Amino acid sequence: MIGQEILDFAKAIFPINRSLTGEGVRETFRHIKEHLPGLTVHAVPSGTEAFDWVVPNEWEITEAYIEDSSGKRLVDFANNNLHVVGYSTAVDVALSLDELQEHLHSLPDKPEAIPYVTSYYSDRWGFCLTHLQRMALVPDTYRAVIRSRKFQGVMNYAELIIPGESSKEVFLSTYICHPSMANNEVSGPSVLTFIGKWLQSAPRHFTYRLVFLPETIGAIYYLSQHLEHLRQHVHVGFNISCVGDDRNYSFVSSRKGQTLADRIAGHILPILSPSFVRHSFLERASDERQYGSPLVDLPLVSLSRTKYGCYDEYHTSLDNFDVVTSTGLEGGFNMITSCIQAAESNRTYVARFPCEPQLGKRGLYPTLGGGKVAASVDVLLNVLAYCDGETDLLTLAEICGLSIFEVADAAKTLEEHGLISEIRLSS
Amino acid sequence: MIGQEILDFAKAIFPINRSLTGEGVRETFRHIKEHLPGLTVHAVPSGTEAFDWVVPNEWEITEAYIEDSSGKRLVDFANNNLHVVGYSTAVDVALSLDELQEHLHSLPDKPEAIPYVTSYYSDRWGFCLTHLQRMALVPDTYRAVIRSRKFQGVMNYAELIIPGESSKEVFLSTYICHPSMANNEVSGPSVLTFIGKWLQSAPRHFTYRLVFLPETIGAIYYLSQHLEHLRQHVHVGFNISCVGDDRNYSFVSSRKGQTLADRIAGHILPILSPSFVRHSFLERASDERQYGSPLVDLPLVSLSRTKYGCYDEYHTSLDNFDVVTSTGLEGGFNMITSCIQAAESNRTYVARFPCEPQLGKRGLYPTLGGGKVAASVDVLLNVLAYCDGETDLLTLAEICGLSIFEVADAAKTLEEHGLISEIRLSS
Amino acid sequence: MIGQEILDFAKAIFPINRSLTGEGVRETFRHIKEHLPGLTVHAVPSGTEAFDWVVPNEWEITEAYIEDSSGKRLVDFANNNLHVVGYSTAVDVALSLDELQEHLHSLPDKPEAIPYVTSYYSDRWGFCLTHLQRMALVPDTYRAVIRSRKFQGVMNYAELIIPGESSKEVFLSTYICHPSMANNEVSGPSVLTFIGKWLQSAPRHFTYRLVFLPETIGAIYYLSQHLEHLRQHVHVGFNISCVGDDRNYSFVSSRKGQTLADRIAGHILPILSPSFVRHSFLERASDERQYGSPLVDLPLVSLSRTKYGCYDEYHTSLDNFDVVTSTGLEGGFNMITSCIQAAESNRTYVARFPCEPQLGKRGLYPTLGGGKVAASVDVLLNVLAYCDGETDLLTLAEICGLSIFEVADAAKTLEEHGLISEIRLSS
């Protein structure tokens, strides 16, 4: 059900022509804001410096095509926004086939796919087309037209902060800079939009910070503005990318692989699927590159169904709604909510007095002795045994071979009976 | 030989009707005291509080049976003290077969076994019988008689403290609250009695604290009285349970599995049998539950031949002297004395000067060079190489792939030649 | 090429009759000094104390043989200096075959080999011969002559200190006390001589300390004179032994197996050969015994091609130039220079600013986005990702599955572009 809702949303934002900057990003934010009215859209002027980087000019494109000498449009941006190399400069030129070839991109080994190509920081123009289209081109005089401009405008990103009882934050990030591709783009903002709604549906312990930003430059700009705050407050973070296919679950470990985010993902994903994949930080290629860089080093992993780069349709026009399904999106949504619930559940308790309590007088233990006790009684006793004021429930769950949700339920029962007390994290 | 002595003792205390409290416990202590005259028997008044618990009333039973309408006794406590549910309230009532069934306990999958059942903290009465006996019951008017009473009396436990040159203690605990079962009860106090004799046969480095107490409530009461002392003084501890069969060796790890007791058991048991079993703390069910609870946390493991719950005859009348043998008891005795000797041997040494000493001039090294040196010389050199003031002999033995007794012998030779010095533990 | 040069040198010093002391050692040093003019030869008077040891008298031998009653020399030191037990006392005596046998050493399982036997610290005399020679002896009156003397002389050793920009030292040790054996003796000083030349061919970061000394007593004496200095200054050390055969690569771990020397050898040797052997410290038998003893504990491993004791010809006359080859010596030379270069390369860096730098504007990253980046770009990004001021390049290389030389090259590029800064080791 939630899967279908997310899919409908994903299909609505799919056709928009997004890039690092421009109207497509703003239109995408208008769609998200319908579900998350609290979303704040920020605008950063072109030329703004951020660490080693500079925010590029805004890019606008209205029309682009290649036509042959008969005036027939062979490749047209109006049909698919992947047909133009992202950030192409304007052009209106006649050329021979040979001259045209230098500006074409196709994939010989995927002849039916239009590749996704960009040139953000170097002025050039180009068209992407299927290899079948390219093979069909004959010697002729072609006209290549791109009506685009780069200008001193803005780069946009959006954030939503949902306060909780703690000032410690769960940081959730996704990117909104790719044109019409389903898994590697719209699955991320679509699922995160519905995560935002779900987070607001009930009070939470942690404060939640959701950001939707252009990949790389957006994350770097955001870090340049919030680094000290994030380093102090982020309790756990998840970068969200490619969460819409129904093939597997995976995460990219943090730089040293030992953060709370790694522990949570390493606990939850095997529950979702025994065939889940734990990618090394060496396999990173999304914004975990920035969030995990040495002087940033947030406790964050990237969550995916099938990770970018690990599926055939990646970065092509074949990354469409054959790849992304309602079941796939629902699995992505469940993975993220499970990780969030694990973070919310991961308390640390201490026993209220030495030795086991007498569970029998509280109705928690059989009064008839000599036989085996029920598994649920064992869980209570095992949780009690590790409530030592140091072992958090995530560790305790791993020791006991249980899910954090099972041990959290047991801890709740024990706490209600006055047998354990929570040790508060400093916030 | 020691096995036969222990077996004779075990057979002598086997028939006594023990429970948490009562005359059976005191009679058992009189038997133990014949071998351990220094044993002190303590009496704790019913109703005494101990952490979350209250010492229950004393239970006395003189007679119990079920007879049929012809006056024939079908089930009789006089034949086997397992026939009555432990702590049964008094009853003298006539009932139909259906009414009687509600008070009967048998084991359909072990038709020849009388199960062991108790109801310490909830008032009820009941009889235990073999499933064959139960199946033979026909509709009739039965009379069920239990002549018992619960009264404001005492709970008994016994302790023996054997002083050594150090105030650091080796803590040895076993339980004495089960009626006529051989492995899961009398093997423990029987072996510990003879351990006590053996400990007194020679001076020891450590002080030894031996306790014989009712399981759970006895251990909890004892901890409530001695917690700070035990936490400060217990160097290593062993809970002793089911040490009389000849099938395997096993131990239950401590809560975090890293204490000296774990290291000793993990070193000694593989020497006794390569098929030994290291049970996780999750498999605990005896007094290690209390000794290892978070606010107690003694450095203790439970030692067993075949652990409670891991053999078919457990908690039934089949746990008899077919299960427990002189060989089995002798193995249990050897396991515990070996662990104790490992604790006594586990010194830490430091070399007296840099570089290897000239062993040749002390007759410890061949004067003819060029060939292989004997294994015994290698042991000396390897022990020397790790006498760094930090590595204890147990660690050293594991590094060298030797037993602690071999490395302790080598260390003794080296110390006698003035080549190493012991680093004293603070006591 | 370097292999052939080393082989020529090894052949030149092979025939010299070396022992713990004596003219053979001094003659060997004269050969080394031809290549290393800075070498300083030290003389330690007989009787000098060093920790638990005393420097033995100097041993001189001019002639030794066994002749039969016809005056035929059957065994002659002039033919092979292994024929005499090292440090044999003088003798000129007639004896029966039975009497002679008590002074003979041979190897029944290696009938063509003359064994290597010594008696440094106990006065005796003896001859070593092939088992075939021994079997051919018939009852006769034999004359055994050894013209030797032990006298108050000196023990020699040599050192070469090559200053670097850091006062931290790389310590390189080999021994020069064995007579004519190729792998277990002359390979070590021969390779170390050429390592010394190579070290002087370019400036180095570290100071290099090369010592050539009699095994055991030489190392102990050296430590007795330099212990505090070495403990403070040795950054990494390598003992060099048996580096001339072409069968394998191996090292003997340090006492705890965790020093920088272990890490370097554990990184370099698998690159040289996947079948390399990591010997435990328990398998030590050369001067790592002293350098790794508890109160010395230098960060040192022993490097070998095939380790002493692990090849059939060891400690016999069969350890000759069938075993040691130019290829074998060149491999030994490469192993040691690689380990030294790894030590020199093992810097620690920190990123100059948060987040990834924009590599594209520096020509280090493709300007066209969307496709896979080259492996060399990945290396840059991965090195950057771990330049956190804590992770040294050796660790970084292991994390990235690359050689330290590859990551050092990448680090150099990054440093040249001002993207990372070296964190200086305190020296």
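Modeller: A word on terms before we start: helices here are DSSP runs of H or I with at least four residues, strands are DSSP runs of E with at least two, and both are numbered from the N terminus. The model itself is predicted.

Biologist: Good to know. Then where is C:Q358 found in chain C?

Modeller: C:Q358 lies in a loop of chain C, the one between strand 17 (348-351) and helix 10 (375-385).

Biologist: Is C:Q358 buried or exposed?

Modeller: Buried. Residues count as buried under 20% relative accessible area, and C:Q358 is put in that class because its relative accessibility is 8%.

Biologist: And which residues is C:Q358 in contact with, leaving aside its neighbours within four places in sequence?

Modeller: A:D52, A:W53 and A:Y121.

Biologist: Let's look at that interface, then. How many residues of chain C are in contact with chain A?

Modeller: There are 27 from chain C, in contact with 27 from chain A. The two chains bury about 2,300 Å² between them, and carbon and sulfur atoms account for 52% of it.

Biologist: Which three residues supply more than any other three of the area that chain C buries against chain A?

Modeller: Those are C:C355, C:E356 and C:Q358, which supply 28% of chain C's buried area there.

Biologist: Nice. How many salt bridges are there between chain C and chain A?

Modeller: Six. Among them is the pair A:D52 and C:K361, with the closest N and O atoms 3.6 Å apart. A:D52 is also one of the contacts of C:Q358. The count of residue pairs in polar contact between chain C and chain A is 18, with both residues at pLDDT 80 or more.

Biologist: Which elements of chain C each supply at least two residues of the side that touches chain A?

Modeller: Strand 17, helix 10, strand 18 (388-392) and helix 11 (393-400). Helix 10 of chain C gives the most, with four residues. By type, this side of chain C divides into 15 nonpolar, six polar and six charged residues.

Biologist: Switching to chain B and chain C: what area is buried there?

Modeller: About 2,300 Å², with 52% from carbon and sulfur atoms. On chain B, the trio that supplies more than any other three is B:C355, B:E356 and B:Q358, at 28% of what chain B buries against chain C.

Biologist: Which residue does B:E356 meet in a salt bridge?

Modeller: C:R289, at 2.8 Å from N to O. Across the interface of chain B and chain C the rule finds six salt bridges.

Biologist: On to symmetry. What rotation superposes chain C on chain A?

Modeller: A rotation of 120 degrees, with 0.0 Å of shift along its axis and an RMSD of 0.1 Å. That is how a three-fold axis relates its copies. In chain C, C:Q258 has the C-alpha nearest the axis, 13 Å from it. Chain B can likewise be laid on chain C by a turn of 120 degrees and a shift of 0.0 Å, with an RMSD of 0.0 Å.

Biologist: Last topic: how many helices and strands does chain A have?

Modeller: Chain A has 12 helices and 19 strands. Its C-alpha atoms fill a box of roughly 95 × 40 × 35 Å along the principal axes. Of the 427 residues in chain A, 61% are buried. Among contacts in chain A between residues at least 6 apart in sequence, 81% join residues at least 24 apart.

Definitions and conventions. Residues numbered from 1 in each chain as written. Chains lettered and ligands numbered in written order. Predicted model: local features only at pLDDT ≥ 70, side-chain atom pairs only at ≥ 80, totals over all residues. Heavy atoms only, no water. Buried area = accessible area lost by both parts, 1.4 Å probe. Salt bridge = Lys/Arg side-chain N within 4 Å of Asp/Glu carboxyl O. Least-squares fit on C-alpha atoms with pLDDT ≥ 70 in both. Buried < 20%, exposed > 50% of the residue type's maximum accessible area, 1.4 Å probe, protein only. Contact = heavy atoms within 4.5 Å. Polar contact = N/O pair within 3.5 Å; in protein donor to acceptor, adjacent residues only side chain to side chain. Nonpolar A, V, L, I, M, F, W, Y, C, P; charged D, E, K, R; others polar.
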